[in-house]
Amino acid sequence: RACLAGRGPSLRGPGCLFVGSVGDGAVSVGRALDALREGGFASLDEDAVRSRSWGELPPRSCLIFCDPRNAPNHISFLAEETNDAMVEFLSPLLPVARALGIPVLDFDKYQTSRDSVATGNVVVPLVVDYFSQRMMQTS
């Protein structure tokens with residue numbers, strides 16, 4: 001299992017990769033911290049993951065983007081094309097939603113950050129390698 005930008009890691013089964021971000025305004029990564037500790041998740045170093053310099057990944061691994069200056073938001077974990085289409089569609093409504101204090105799942109943040117590709121360049125290789133390692137161990 002892989003849990004990306006979600007409420008918390010799965011504690012069922014022997015393995016799970018959790019990826020969260022302090023920049024996620026829709027689902028606070030703080031909600032997952034107790035479960036990560038309880039589940040014995042190994043914390044991956046953000047710099048090592050960004051440089052793709054990891055070895056064997058523990059069955060229960062987590063990556064939390066901690067630097068608020070470049071931490072992905074909730075929408076950053078989705079595909080750029082999808083995000084761009086949704087932002088284009090929602091753009092006229094975002095200022096109104098902001099003024100009324102209506103949550104917009106970080107679309108307002110993504111409108112300025114446009115960081116899906118950068119986020120994917122970090123997250124996708126990690127997820128692929130995690131699943132590759134897990135599948136090789138079970139076959």
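This dialogue explains how to read several features of a predicted model.

User: Is strand S2 buried or exposed?

Analyst: Strands (E, at least two residues) and helices (H or I, at least four residues) are DSSP runs, numbered from the N terminus. Buried means under 20% relative accessible area, exposed means over 50%, and partly exposed lies in between (1.4 Å probe, protein chains only). In S2 (residues 16-21), six of the six residues are buried, so the strand is largely enclosed by the rest of the structure. Cys16, Phe18 and Gly20 point one way, while Leu17, Val19 and Ser21 point the other way.

User: Which strands pair with S2?

Analyst: Two strands pair if DSSP finds at least two bridges between them. S1 (residues 2-4) pairs with S2 in the parallel sense over three bridges, and Cys3 stands opposite Phe18. S4 (residues 60-65) also runs parallel to S2, joined by six bridges; there, Leu63 is the bridge partner of Val19.

User: Where is Ser76, and which polar contact joins its side chain to another side chain?

Analyst: A polar contact is a pair of N or O atoms within 3.5 Å; within protein, one must be able to donate a hydrogen and the other to accept it, and residues adjacent in sequence count only if both atoms are side-chain atoms. Ser76 is placed in the loop between S4 and helix H3 (80-90), and is buried, with a relative accessible area of 1%. Its side chain and that of Asp115 are joined by a polar contact of 2.5 Å. A polar atom of the Ser76 side chain also lies 2.9 Å from the backbone nitrogen of Asn73.

User: How many salt bridges does the structure hold?

Analyst: A salt bridge is a side-chain nitrogen of Lys or Arg within 4 Å of a carboxyl oxygen of Asp or Glu. The structure holds seven. One of them joins Arg50 and Glu46 (3.1 Å, N to O); both residues lie in helix H2 (residues 46-50), four residues apart, about one turn of the helix. Another joins Asp108 and Arg98 (3.9 Å, N to O). Asp108 lies in helix H5 and Arg98 in helix H4, so this pair ties together parts that are ten residues apart in sequence.

Methods
Residues numbered from 1 in each chain as written. Predicted model: local features only at pLDDT ≥ 70, side-chain atom pairs only at ≥ 80, totals over all residues. Heavy atoms only, no water.
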